[in-house]
Amino acid sequence: MNIAVIGTGYVGLVTGVCLAEIGHSVTCLDIDEEKIGLLNHGKSPIFEEGLEDLLEKNLQRGRLDFTTDYWEGLAGKEIIYLAVGTPETADGSADLTFIEAAGRAIAAHLKQNAVIVTKSTVPVGTNQSIKRMIESELAEPVQIRIVSNPEFLRQGTAVHDTFHGDRIVIGSDDPAALALLEEINRPFQLPIVKTDLRSAEMIKYASNAFLAAKISFINEMAHLCAHVGANVDNVAEGMGMDSRIGGKFLQAGVGYGGSCFPKDTNALIAMGRSYDYPMPLLGSVQHVNDKQRDWLVEMIQTRLGNLEGKTIALLGMTFKPNTDDMRESPAIRVAEQLQAAGATLRGYDPVAVLRARQVMPATVMLTDNLQEAVQGADCAVIITDWKQVKDLPLEEYAGLLASPLLFDGRNCFNLKVAEASGIEYHSIGRPIVNSPGTVSSLASH
Ligand SMILES: NC(=O)c1ccc[n+]([C@@H]2O[C@H](COP(=O)([O-])OP(=O)(O)OC[C@H]3O[C@@H](n4cnc5c(N)ncnc54)[C@H](O)[C@@H]3O)[C@@H](O)[C@H]2O)c1
Ligand SMILES: O=c1ccn([C@@H]2O[C@H](COP(=O)(O)OP(=O)(O)O[C@H]3O[C@H](CO)[C@@H](O)[C@H](O)[C@H]3O)[C@@H](O)[C@H]2O)c(=O)[nH]1
(Lines give C-alpha, C1' and ligand atoms only; values in the text may rest on other atoms or scores of the structure.)
(Ligands and ions follow the chains in the order given, each with its own letter.)
Protein backbone atom coordinates (compact mmCIF):
# COMPACT_ATOMS: atom_id res chain seq x y z
CA MET A 1 0.00 0.00 0.00
CA ASN A 2 1.06 3.61 -0.53
CA ILE A 3 0.90 5.33 2.82
CA ALA A 4 1.56 8.86 4.11
CA VAL A 5 2.17 9.52 7.80
CA ILE A 6 1.66 13.11 8.95
CA GLY A 7 3.76 14.04 12.00
CA THR A 8 7.09 12.41 12.81
CA GLY A 9 7.02 12.57 16.62
CA TYR A 10 7.22 9.35 18.65
CA VAL A 11 4.04 7.91 17.24
CA GLY A 12 4.34 9.05 13.61
CA LEU A 13 7.94 8.03 13.24
CA VAL A 14 7.53 4.61 14.86
CA THR A 15 4.32 4.01 12.87
CA GLY A 16 5.93 5.02 9.57
CA VAL A 17 9.09 3.00 10.10
CA CYS A 18 7.18 -0.11 11.25
CA LEU A 19 4.67 0.09 8.36
CA ALA A 20 7.67 0.20 5.99
CA GLU A 21 9.20 -2.77 7.80
CA ILE A 22 6.09 -4.90 7.12
CA GLY A 23 6.27 -4.07 3.43
CA HIS A 24 4.33 -0.86 2.79
CA SER A 25 5.67 2.12 0.89
CA VAL A 26 5.66 5.04 3.32
CA THR A 27 6.26 8.79 3.10
CA CYS A 28 6.52 10.59 6.43
CA LEU A 29 5.64 14.25 6.45
CA ASP A 30 6.43 16.89 9.06
CA ILE A 31 6.49 20.68 9.15
CA ASP A 32 9.70 20.56 11.22
CA GLU A 33 12.52 20.94 8.67
CA GLU A 34 15.24 20.08 11.16
CA LYS A 35 13.61 16.71 11.98
CA ILE A 36 13.08 15.86 8.32
CA GLY A 37 16.71 16.83 7.56
CA LEU A 38 17.96 14.43 10.25
CA LEU A 39 15.60 11.64 9.17
CA ASN A 40 16.65 11.89 5.53
CA HIS A 41 20.19 11.15 6.75
CA GLY A 42 18.99 8.07 8.67
CA LYS A 43 19.25 9.83 12.05
CA SER A 44 16.39 9.55 14.53
CA PRO A 45 15.53 12.78 16.38
CA ILE A 46 14.35 10.66 19.34
CA PHE A 47 16.12 8.11 21.52
CA GLU A 48 14.23 4.85 21.01
CA GLU A 49 15.79 1.40 21.03
CA GLY A 50 15.89 -0.29 17.62
CA LEU A 51 14.35 2.64 15.77
CA GLU A 52 17.42 3.93 13.99
CA ASP A 53 18.32 0.45 12.68
CA LEU A 54 14.87 0.02 11.13
CA LEU A 55 14.99 3.58 9.83
CA GLU A 56 18.29 3.06 7.99
CA LYS A 57 17.24 -0.37 6.71
CA ASN A 58 13.98 0.87 5.20
CA LEU A 59 15.53 4.05 3.76
CA GLN A 60 18.04 1.83 1.96
CA ARG A 61 15.28 -0.51 0.76
CA GLY A 62 13.56 2.53 -0.77
CA ARG A 63 10.34 1.87 1.17
CA LEU A 64 10.59 4.98 3.30
CA ASP A 65 11.10 8.67 2.63
CA PHE A 66 10.63 11.96 4.44
CA THR A 67 9.41 15.34 3.30
CA THR A 68 8.08 18.69 4.49
CA ASP A 69 6.08 19.12 1.27
CA TYR A 70 2.39 18.15 1.39
CA TRP A 71 2.15 17.87 -2.44
CA GLU A 72 5.00 15.38 -2.48
CA GLY A 73 3.88 13.65 0.72
CA LEU A 74 0.28 13.01 -0.31
CA ALA A 75 0.80 12.30 -4.03
CA GLY A 76 -0.78 8.94 -4.90
CA LYS A 77 -1.30 7.93 -1.25
CA GLU A 78 -4.36 5.73 -0.58
CA ILE A 79 -3.90 5.85 3.18
CA ILE A 80 -3.00 8.90 5.27
CA TYR A 81 -2.12 8.45 8.95
CA LEU A 82 -2.55 11.47 11.22
CA ALA A 83 -0.02 11.40 14.07
CA VAL A 84 0.42 15.03 15.08
CA GLY A 85 0.44 16.13 18.73
CA THR A 86 -2.71 16.77 20.79
CA PRO A 87 -1.27 18.62 23.79
CA GLU A 88 -3.20 20.09 26.69
CA THR A 89 -4.93 23.46 26.67
CA ALA A 90 -5.07 25.69 29.75
CA ASP A 91 -8.40 24.15 30.87
CA GLY A 92 -7.09 20.59 30.52
CA SER A 93 -8.96 19.72 27.32
CA ALA A 94 -7.12 18.41 24.25
CA ASP A 95 -5.71 21.07 21.93
CA LEU A 96 -6.81 20.09 18.43
CA THR A 97 -4.97 22.92 16.63
CA PHE A 98 -2.38 20.60 15.06
CA ILE A 99 -5.02 18.06 14.00
CA GLU A 100 -7.09 20.81 12.39
CA ALA A 101 -4.08 22.33 10.61
CA ALA A 102 -3.06 18.90 9.26
CA GLY A 103 -6.68 18.27 8.19
CA ARG A 104 -6.77 21.58 6.29
CA ALA A 105 -3.47 20.74 4.61
CA ILE A 106 -4.88 17.35 3.53
CA ALA A 107 -7.99 19.04 2.10
CA ALA A 108 -5.86 21.48 0.12
CA HIS A 109 -3.43 18.92 -1.31
CA LEU A 110 -5.39 15.68 -1.82
CA LYS A 111 -5.95 14.68 -5.45
CA GLN A 112 -7.19 11.10 -5.02
CA ASN A 113 -9.61 9.17 -2.81
CA ALA A 114 -8.03 8.28 0.53
CA VAL A 115 -8.64 6.69 3.91
CA ILE A 116 -7.56 8.94 6.79
CA VAL A 117 -6.39 7.02 9.85
CA THR A 118 -6.13 8.91 13.13
CA LYS A 119 -3.32 7.67 15.38
CA SER A 120 -3.31 10.79 17.55
CA THR A 121 -5.22 10.57 20.82
CA VAL A 122 -8.33 12.68 20.24
CA PRO A 123 -11.54 13.29 22.24
CA VAL A 124 -14.60 11.30 21.31
CA GLY A 125 -16.29 12.82 18.27
CA THR A 126 -13.12 14.38 16.83
CA ASN A 127 -12.75 11.92 13.95
CA GLN A 128 -16.28 12.65 12.82
CA SER A 129 -15.78 16.43 12.98
CA ILE A 130 -12.38 16.28 11.26
CA LYS A 131 -13.90 14.25 8.43
CA ARG A 132 -16.63 16.85 7.99
CA MET A 133 -14.12 19.69 8.10
CA ILE A 134 -11.85 18.09 5.48
CA GLU A 135 -14.82 17.28 3.25
CA SER A 136 -16.01 20.87 3.41
CA GLU A 137 -12.59 22.19 2.37
CA LEU A 138 -11.48 19.62 -0.24
CA ALA A 139 -9.89 21.33 -3.26
CA GLU A 140 -10.66 18.35 -5.57
CA PRO A 141 -13.84 16.23 -5.87
CA VAL A 142 -12.39 13.19 -4.09
CA GLN A 143 -13.86 10.85 -1.48
CA ILE A 144 -12.43 10.40 2.01
CA ARG A 145 -13.18 7.79 4.65
CA ILE A 146 -12.02 7.92 8.26
CA VAL A 147 -10.73 5.35 10.76
CA SER A 148 -9.64 5.77 14.37
CA ASN A 149 -6.56 3.65 15.09
CA PRO A 150 -5.34 4.75 18.54
CA GLU A 151 -1.75 4.01 19.49
CA PHE A 152 -0.74 2.07 22.61
CA LEU A 153 3.07 2.08 22.34
CA ARG A 154 5.17 3.01 25.37
CA GLN A 155 8.17 5.24 24.98
CA GLY A 156 11.38 3.33 25.49
CA THR A 157 9.89 0.12 24.07
CA ALA A 158 8.00 1.66 21.15
CA VAL A 159 9.31 -0.59 18.36
CA HIS A 160 8.92 -3.73 20.46
CA ASP A 161 5.38 -2.71 21.42
CA THR A 162 4.41 -2.17 17.77
CA PHE A 163 5.33 -5.75 16.86
CA HIS A 164 4.35 -7.38 20.18
CA GLY A 165 1.47 -5.26 21.50
CA ASP A 166 -1.62 -6.79 23.10
CA ARG A 167 -4.04 -5.56 20.43
CA ILE A 168 -4.62 -3.22 17.53
CA VAL A 169 -7.81 -1.15 17.78
CA ILE A 170 -9.48 0.06 14.61
CA GLY A 171 -12.77 1.90 14.71
CA SER A 172 -14.87 3.17 11.85
CA ASP A 173 -18.46 3.54 10.80
CA ASP A 174 -17.38 2.59 7.27
CA PRO A 175 -17.06 -1.21 6.76
CA ALA A 176 -14.85 -0.88 3.65
CA ALA A 177 -12.38 1.35 5.49
CA LEU A 178 -12.33 -1.07 8.44
CA ALA A 179 -11.58 -3.99 6.12
CA LEU A 180 -8.73 -2.06 4.51
CA LEU A 181 -7.15 -1.22 7.85
CA GLU A 182 -7.44 -4.84 8.91
CA GLU A 183 -5.55 -5.85 5.78
CA ILE A 184 -2.82 -3.25 6.35
CA ASN A 185 -2.28 -4.40 9.92
CA ARG A 186 -2.50 -8.16 9.31
CA PRO A 187 1.31 -8.65 8.98
CA PHE A 188 1.77 -7.49 12.60
CA GLN A 189 -0.02 -10.72 13.57
CA LEU A 190 -1.70 -9.16 16.62
CA PRO A 191 -5.32 -9.46 17.79
CA ILE A 192 -7.40 -6.80 16.05
CA VAL A 193 -10.36 -5.15 17.80
CA LYS A 194 -12.83 -3.78 15.25
CA THR A 195 -15.32 -1.30 16.57
CA ASP A 196 -17.16 1.93 15.82
CA LEU A 197 -15.41 5.29 15.55
CA ARG A 198 -16.44 6.69 18.93
CA SER A 199 -15.69 3.53 20.89
CA ALA A 200 -12.18 3.37 19.41
CA GLU A 201 -11.52 6.96 20.50
CA MET A 202 -12.83 6.13 23.97
CA ILE A 203 -10.81 2.88 24.31
CA LYS A 204 -7.59 4.90 24.15
CA TYR A 205 -8.54 7.35 26.91
CA ALA A 206 -10.11 4.67 29.10
CA SER A 207 -6.97 2.49 28.82
CA ASN A 208 -4.60 5.29 29.82
CA ALA A 209 -6.88 6.43 32.64
CA PHE A 210 -7.12 2.88 34.00
CA LEU A 211 -3.33 2.43 33.97
CA ALA A 212 -2.88 5.81 35.69
CA ALA A 213 -5.48 4.75 38.28
CA LYS A 214 -3.61 1.50 38.93
CA ILE A 215 -0.42 3.45 39.65
CA SER A 216 -2.19 5.92 41.95
CA PHE A 217 -3.94 3.04 43.72
CA ILE A 218 -0.66 1.35 44.63
CA ASN A 219 0.87 4.71 45.57
CA GLU A 220 -2.01 5.34 47.96
CA MET A 221 -1.44 1.88 49.45
CA ALA A 222 2.27 2.77 49.74
CA HIS A 223 1.41 5.68 52.05
CA LEU A 224 -0.56 3.40 54.33
CA CYS A 225 2.18 0.75 54.18
CA ALA A 226 4.67 3.37 55.41
CA HIS A 227 2.39 4.12 58.38
CA VAL A 228 1.56 0.53 59.32
CA GLY A 229 5.02 -0.90 58.68
CA ALA A 230 4.15 -3.06 55.67
CA ASN A 231 6.20 -3.36 52.47
CA VAL A 232 4.26 -2.13 49.40
CA ASP A 233 6.34 -4.23 47.00
CA ASN A 234 5.32 -7.39 48.85
CA VAL A 235 1.72 -6.16 48.86
CA ALA A 236 1.81 -5.50 45.09
CA GLU A 237 3.29 -8.93 44.44
CA GLY A 238 0.61 -10.64 46.49
CA MET A 239 -2.17 -8.61 44.90
CA GLY A 240 -0.82 -8.99 41.38
CA MET A 241 -0.87 -12.79 41.54
CA ASP A 242 -4.65 -12.58 41.45
CA SER A 243 -5.24 -12.79 37.70
CA ARG A 244 -8.24 -10.48 38.04
CA ILE A 245 -5.83 -7.78 39.26
CA GLY A 246 -2.61 -8.58 37.37
CA GLY A 247 0.89 -7.61 38.49
CA LYS A 248 1.69 -4.92 35.91
CA PHE A 249 1.54 -1.19 36.69
CA LEU A 250 1.64 -1.81 40.42
CA GLN A 251 5.11 -0.33 40.91
CA ALA A 252 4.90 2.28 43.66
CA GLY A 253 7.11 5.32 43.25
CA VAL A 254 7.36 9.03 42.71
CA GLY A 255 4.33 8.93 40.41
CA TYR A 256 3.62 8.82 36.71
CA GLY A 257 4.78 11.46 34.24
CA GLY A 258 5.29 11.59 30.49
CA SER A 259 3.44 13.03 27.54
CA CYS A 260 0.35 10.83 27.92
CA PHE A 261 -1.06 9.92 31.35
CA PRO A 262 -1.13 13.49 32.76
CA LYS A 263 -2.64 15.08 29.64
CA ASP A 264 -5.00 12.22 28.77
CA THR A 265 -6.52 12.02 32.27
CA ASN A 266 -7.02 15.79 32.07
CA ALA A 267 -8.63 15.51 28.63
CA LEU A 268 -10.97 12.77 29.88
CA ILE A 269 -11.99 14.92 32.85
CA ALA A 270 -12.56 17.83 30.45
CA MET A 271 -14.71 15.56 28.26
CA GLY A 272 -16.77 14.60 31.33
CA ARG A 273 -17.09 18.27 32.27
CA SER A 274 -18.53 19.09 28.87
CA TYR A 275 -21.35 16.62 29.64
CA ASP A 276 -21.69 17.88 33.25
CA TYR A 277 -20.18 14.67 34.61
CA PRO A 278 -17.33 15.48 37.03
CA MET A 279 -15.31 12.16 36.88
CA PRO A 280 -14.48 12.13 40.63
CA LEU A 281 -12.36 8.97 40.49
CA LEU A 282 -9.97 10.49 37.94
CA GLY A 283 -9.66 13.67 39.99
CA SER A 284 -8.42 11.52 42.89
CA VAL A 285 -6.02 9.63 40.62
CA GLN A 286 -4.41 12.95 39.69
CA HIS A 287 -4.38 14.21 43.27
CA VAL A 288 -2.56 11.11 44.54
CA ASN A 289 -0.07 11.40 41.69
CA ASP A 290 0.71 15.05 42.47
CA LYS A 291 1.23 14.19 46.13
CA GLN A 292 3.84 11.53 45.33
CA ARG A 293 6.38 14.18 44.28
CA ASP A 294 5.66 16.17 47.45
CA TRP A 295 6.00 13.04 49.58
CA LEU A 296 9.53 12.38 48.35
CA VAL A 297 10.53 15.99 49.09
CA GLU A 298 8.94 15.80 52.55
CA MET A 299 10.85 12.59 53.31
CA ILE A 300 14.11 14.36 52.47
CA GLN A 301 13.22 17.44 54.52
CA THR A 302 12.09 15.37 57.50
CA ARG A 303 15.42 13.54 57.52
CA LEU A 304 17.79 16.42 56.72
CA GLY A 305 15.96 19.37 58.25
CA ASN A 306 17.03 22.72 56.83
CA LEU A 307 18.29 22.15 53.27
CA GLU A 308 20.30 25.42 53.09
CA GLY A 309 23.88 24.52 52.26
CA LYS A 310 23.03 20.86 51.48
CA THR A 311 24.04 19.31 48.15
CA ILE A 312 21.59 16.77 46.72
CA ALA A 313 22.20 14.49 43.73
CA LEU A 314 19.05 13.76 41.68
CA LEU A 315 19.47 10.55 39.73
CA GLY A 316 17.53 10.23 36.49
CA MET A 317 15.84 13.21 34.84
CA THR A 318 13.50 11.59 32.29
CA PHE A 319 9.94 10.53 33.16
CA LYS A 320 10.96 6.87 32.78
CA PRO A 321 14.08 4.97 31.68
CA ASN A 322 15.14 4.31 28.07
CA THR A 323 13.79 7.56 26.69
CA ASP A 324 15.18 11.10 26.48
CA ASP A 325 11.71 12.59 26.99
CA MET A 326 11.40 15.11 29.82
CA ARG A 327 7.68 15.86 29.36
CA GLU A 328 5.96 15.98 32.79
CA SER A 329 8.93 14.30 34.43
CA PRO A 330 8.66 14.12 38.25
CA ALA A 331 12.30 15.31 38.36
CA ILE A 332 11.20 18.83 37.43
CA ARG A 333 8.86 19.38 40.37
CA VAL A 334 11.12 17.60 42.88
CA ALA A 335 14.04 19.81 41.77
CA GLU A 336 11.95 23.00 41.98
CA GLN A 337 10.82 22.18 45.52
CA LEU A 338 14.24 21.16 46.80
CA GLN A 339 15.76 24.26 45.28
CA ALA A 340 13.10 26.48 46.84
CA ALA A 341 14.01 24.90 50.19
CA GLY A 342 17.62 26.02 49.71
CA ALA A 343 19.37 22.87 48.44
CA THR A 344 22.16 22.92 45.86
CA LEU A 345 21.27 20.39 43.17
CA ARG A 346 23.13 18.13 40.81
CA GLY A 347 21.26 16.12 38.20
CA TYR A 348 22.35 12.92 36.48
CA ASP A 349 20.85 11.39 33.37
CA PRO A 350 22.56 9.00 30.93
CA VAL A 351 20.85 10.37 27.79
CA ALA A 352 18.79 13.50 28.47
CA VAL A 353 21.24 16.14 29.72
CA LEU A 354 20.56 18.43 26.75
CA ARG A 355 16.78 18.12 26.98
CA ALA A 356 16.88 18.43 30.79
CA ARG A 357 18.72 21.73 30.46
CA GLN A 358 15.65 23.21 28.74
CA VAL A 359 13.19 22.35 31.54
CA MET A 360 15.07 21.89 34.82
CA PRO A 361 15.76 24.88 37.09
CA ALA A 362 18.77 26.69 35.56
CA THR A 363 21.00 26.24 38.60
CA VAL A 364 20.89 22.42 38.59
CA MET A 365 24.32 21.16 37.57
CA LEU A 366 23.63 18.42 34.99
CA THR A 367 25.94 15.56 34.09
CA ASP A 368 25.84 12.20 32.33
CA ASN A 369 28.41 10.83 34.80
CA LEU A 370 26.70 9.07 37.71
CA GLN A 371 29.71 8.98 40.02
CA GLU A 372 30.41 12.67 39.43
CA ALA A 373 26.83 13.54 40.45
CA VAL A 374 26.95 11.47 43.64
CA GLN A 375 30.51 12.28 44.76
CA GLY A 376 30.51 14.31 47.98
CA ALA A 377 26.73 15.00 47.97
CA ASP A 378 24.82 15.02 51.29
CA CYS A 379 22.34 12.54 49.86
CA ALA A 380 21.26 11.01 46.55
CA VAL A 381 17.66 10.75 45.34
CA ILE A 382 16.61 8.23 42.69
CA ILE A 383 13.93 9.71 40.41
CA THR A 384 14.22 7.44 37.36
CA ASP A 385 14.99 3.72 37.49
CA TRP A 386 17.68 3.78 34.82
CA LYS A 387 19.74 0.56 34.61
CA GLN A 388 22.90 2.57 35.32
CA VAL A 389 21.38 3.79 38.61
CA LYS A 390 20.23 0.29 39.62
CA ASP A 391 23.53 -1.34 38.66
CA LEU A 392 25.78 0.82 40.84
CA PRO A 393 26.30 -1.21 44.04
CA LEU A 394 24.96 0.44 47.19
CA GLU A 395 28.42 0.14 48.78
CA GLU A 396 29.68 2.44 46.02
CA TYR A 397 26.90 4.95 46.66
CA ALA A 398 27.82 4.85 50.35
CA GLY A 399 31.50 5.41 49.56
CA LEU A 400 30.89 8.30 47.17
CA LEU A 401 28.38 10.26 49.28
CA ALA A 402 29.51 12.68 52.01
CA SER A 403 27.23 10.71 54.33
CA PRO A 404 25.69 7.38 53.27
CA LEU A 405 22.09 8.45 52.69
CA LEU A 406 19.93 7.38 49.74
CA PHE A 407 16.28 8.20 48.96
CA ASP A 408 14.83 5.89 46.33
CA GLY A 409 11.74 7.17 44.52
CA ARG A 410 11.48 3.96 42.45
CA ASN A 411 12.17 1.18 44.97
CA CYS A 412 15.15 -0.05 42.92
CA PHE A 413 16.92 -2.00 45.65
CA ASN A 414 16.09 -5.02 47.76
CA LEU A 415 15.85 -4.09 51.45
CA LYS A 416 18.12 -6.89 52.65
CA VAL A 417 20.79 -5.85 50.12
CA ALA A 418 20.42 -2.27 51.36
CA GLU A 419 20.76 -3.38 54.97
CA ALA A 420 23.91 -5.36 54.23
CA SER A 421 25.49 -2.39 52.41
CA GLY A 422 25.24 -0.18 55.51
CA ILE A 423 23.68 2.72 53.58
CA GLU A 424 20.74 4.55 55.15
CA TYR A 425 18.01 3.78 52.67
CA HIS A 426 14.57 5.40 52.40
CA SER A 427 12.16 4.15 49.74
CA ILE A 428 8.45 4.40 48.90
CA GLY A 429 6.04 2.50 51.16
CA ARG A 430 8.74 0.27 52.66
CA PRO A 431 10.50 0.33 56.04
CA ILE A 432 13.54 2.62 56.38
CA VAL A 433 16.78 0.62 56.43
CA ASN A 434 19.83 1.42 58.58
CA SER A 435 18.12 4.45 60.09
CA PRO A 436 20.42 6.01 62.73
CA GLY A 437 19.43 5.06 66.25
CA THR A 438 17.08 2.21 65.27
CA VAL A 439 17.64 -1.51 65.19
CA SER A 440 16.59 -2.88 61.83
CA SER A 441 14.23 -5.84 61.78
CA LEU A 442 13.95 -6.83 58.17
CA ALA A 443 13.35 -10.50 58.82
CA SER A 444 9.62 -9.98 58.37
CA HIS A 445 10.01 -7.89 55.18
N1 LIG B 1 4.33 9.67 22.77
C2 LIG B 1 3.70 8.54 22.99
O3 LIG B 1 4.22 7.64 23.61
C4 LIG B 1 2.29 8.34 22.49
C5 LIG B 1 1.73 7.05 22.55
C6 LIG B 1 0.41 6.87 22.10
C7 LIG B 1 -0.31 7.92 21.59
N8 LIG B 1 0.26 9.17 21.55
C9 LIG B 1 -0.52 10.25 20.94
O10 LIG B 1 -0.05 10.41 19.60
C11 LIG B 1 -0.05 11.79 19.21
C12 LIG B 1 1.35 12.22 18.82
O13 LIG B 1 2.17 12.13 19.96
P14 LIG B 1 3.77 12.31 19.85
O15 LIG B 1 4.31 12.10 21.21
O16 LIG B 1 4.26 11.49 18.71
O17 LIG B 1 3.82 13.88 19.46
P18 LIG B 1 5.08 14.80 19.21
O19 LIG B 1 4.71 16.11 19.77
O20 LIG B 1 6.32 14.12 19.64
O21 LIG B 1 5.15 14.91 17.62
C22 LIG B 1 4.16 15.51 16.82
C23 LIG B 1 4.79 15.87 15.47
O24 LIG B 1 3.78 16.41 14.61
C25 LIG B 1 4.37 17.47 13.83
N26 LIG B 1 3.32 18.34 13.31
C27 LIG B 1 2.57 19.23 13.99
N28 LIG B 1 1.70 19.83 13.15
C29 LIG B 1 1.90 19.30 11.90
C30 LIG B 1 1.31 19.50 10.62
N31 LIG B 1 0.31 20.35 10.44
N32 LIG B 1 1.78 18.77 9.59
C33 LIG B 1 2.79 17.89 9.75
N34 LIG B 1 3.39 17.66 10.94
C35 LIG B 1 2.95 18.36 12.00
C36 LIG B 1 5.31 18.15 14.82
O37 LIG B 1 6.29 18.92 14.15
C38 LIG B 1 5.89 16.93 15.56
O39 LIG B 1 7.06 16.44 14.93
C40 LIG B 1 -0.65 12.53 20.41
O41 LIG B 1 -2.02 12.63 20.21
C42 LIG B 1 -0.36 11.61 21.58
O43 LIG B 1 -1.28 11.77 22.64
C44 LIG B 1 1.53 9.39 21.96
O1 LIG C 1 3.86 0.50 37.73
C2 LIG C 1 4.17 1.58 37.21
C3 LIG C 1 4.23 1.79 35.81
C4 LIG C 1 4.56 3.05 35.32
N5 LIG C 1 4.85 4.07 36.18
C6 LIG C 1 5.15 5.41 35.63
O7 LIG C 1 4.12 5.77 34.72
C8 LIG C 1 4.62 6.61 33.69
C9 LIG C 1 4.22 6.08 32.32
O10 LIG C 1 4.88 4.87 32.07
P11 LIG C 1 4.58 3.99 30.77
O12 LIG C 1 3.14 3.72 30.70
O13 LIG C 1 5.48 2.84 30.79
O14 LIG C 1 5.07 4.99 29.62
P15 LIG C 1 4.37 5.82 28.45
O16 LIG C 1 5.35 5.83 27.33
O17 LIG C 1 3.89 7.12 29.00
O18 LIG C 1 3.13 4.94 27.94
C19 LIG C 1 1.77 5.18 28.34
O20 LIG C 1 1.20 6.22 27.57
C21 LIG C 1 1.22 5.98 26.14
C22 LIG C 1 0.69 7.23 25.47
O23 LIG C 1 -0.70 7.27 25.42
C24 LIG C 1 0.40 4.73 25.83
O25 LIG C 1 0.42 4.50 24.43
C26 LIG C 1 0.97 3.54 26.60
O27 LIG C 1 0.15 2.41 26.36
C28 LIG C 1 0.99 3.89 28.10
O29 LIG C 1 1.58 2.83 28.84
C30 LIG C 1 6.13 6.67 33.90
O31 LIG C 1 6.45 7.88 34.57
C32 LIG C 1 6.43 5.48 34.80
O33 LIG C 1 7.55 5.68 35.62
C34 LIG C 1 4.80 3.88 37.56
O35 LIG C 1 5.04 4.81 38.35
N36 LIG C 1 4.46 2.63 38.04
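Me: How many residues of domain 1 are in contact with domain 2?
Reply: 28 residues of domain 1 are in contact with 25 residues of domain 2, contact being C-beta atoms, placed from the backbone, within 7 Å. Keep in mind that this is a predicted model, where local features need pLDDT of at least 70, side-chain atom pairs count only at pLDDT 80 or more, and totals for chains, interfaces and linings use all residues. Residues are numbered from 1 along each chain as its sequence is written, with chains lettered from A and ligands numbered from 1 in the order written.

Me: Which elements supply the domain 1 side?
Reply: Helix H6 (126-137) and strand S7 (168-171) each give at least two residues to it. Helices (H or I, at least four residues) and strands (E, at least two) are DSSP runs, numbered from the N terminus.

Me: Where are the domains divided?
Reply: Domain 1 covers 2-195 and domain 2 covers 196-445; the bounds come from an automatic or database domain assignment. Their C-alpha centres are 33 Å apart.

Me: New topic: where is the kink in H12 centred?
Reply: On Gln292, with a kink of about 25 degrees. That bend is the angle between axes fitted to the seven residues ending there and the seven starting there.

Me: Is Gln292 buried or exposed?
Reply: Gln292 is one of the buried residues of H12, and so are Trp295 and Leu296. Buried takes 20 or more other C-beta atoms within 10 Å of the residue's own, exposed 12 or fewer, partly exposed in between, with C-beta atoms placed from the backbone.

Me: And what comes just after H12?
Reply: Gly305, which takes a positive phi of about 70 degrees.

Definitions and conventions:
Contact = placed C-beta atoms within 7 Å.
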